[in-house]
Amino acid sequence: MMKTKTLNEIEEMVYDLAALSYKVGRVETDGTTTQNKYDKLVEQRDNLRTEIALAFKFYKHSQPTELGWGKGKDE
């Protein structure tokens, strides 16, 4: 069973994903690293992306309250 993540933890994971995606993009553009290091970065990025998706899915189903975004409550 997955440990419930707080919104702050999920937010931090999203920032980490952005940083990893940037690194991967720079490697793709500059070509300044080995294929092995590139593959490890891509694997880290993909694993983090999966972890974030699971955290959102778990959080969505474990929280009793509804934010109300997109339902006309904010207008």
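What share of the 75 residues in the chain is buried? Buried residues make up 20% of the chain, where buried means under 20% relative accessible area, exposed over 50%, and partly exposed in between, with a 1.4 Å probe and protein chains only.

1. Basis of the note. This is a predicted model, in which local features need pLDDT of at least 70, side-chain atom pairs count only at pLDDT 80 or more, and totals for chains, interfaces and linings use all residues. Residues are numbered from 1 along each chain as its sequence is written, and side-chain values use heavy atoms, with hydrogens and water left out.

2. Secondary structure. The chain has 2 helices and 0 strands. Both terms refer to DSSP runs numbered from the N terminus: helices are H or I with at least four residues, strands are E with at least two.

3. Helix α1. With 24 residues, α1 reaches 34 Å from its first C-alpha to its last, close to the 34 Å expected at 1.5 Å a residue; the expected span is 1.5 Å times one less than the number of residues. Its buried residues are I10, M13, L17, L20, V24 and V27. Just after α1, G31 takes a positive phi of about 60 degrees.

4. The core. The largest nonpolar core has 12 residues: I10, M13, L17, L20, V24, V27, Y38, L41, V42, L48, I52 and A55. A nonpolar core is a set of buried Ala, Val, Leu, Ile, Met, Phe, Trp, Tyr and Cys residues joined through side-chain atoms within 4.5 Å.

5. L20 and R45. Leaving aside neighbours within four places in sequence, L20 is in contact (heavy atoms within 4.5 Å) with L41, Q44, R45 and L48. R45 lies in helix α2, residues 35-62. R45 counts as buried because its relative accessible area is 17%.

6. A55. This residue is also placed in helix α2, and it counts as buried because its relative accessibility is 3%. A55 and K5 are 50 residues apart in sequence, yet 6.6 Å apart in space, C-alpha to C-alpha.

7. Whole chain. Among contacts between residues at least 6 apart in sequence, 68% join residues at least 24 apart. The chain exposes about 6200 Å², of which carbon and sulfur atoms supply 54%; accessible areas come from the Shrake-Rupley method with a 1.4 Å probe, and for residues only the protein chains shown count as cover.
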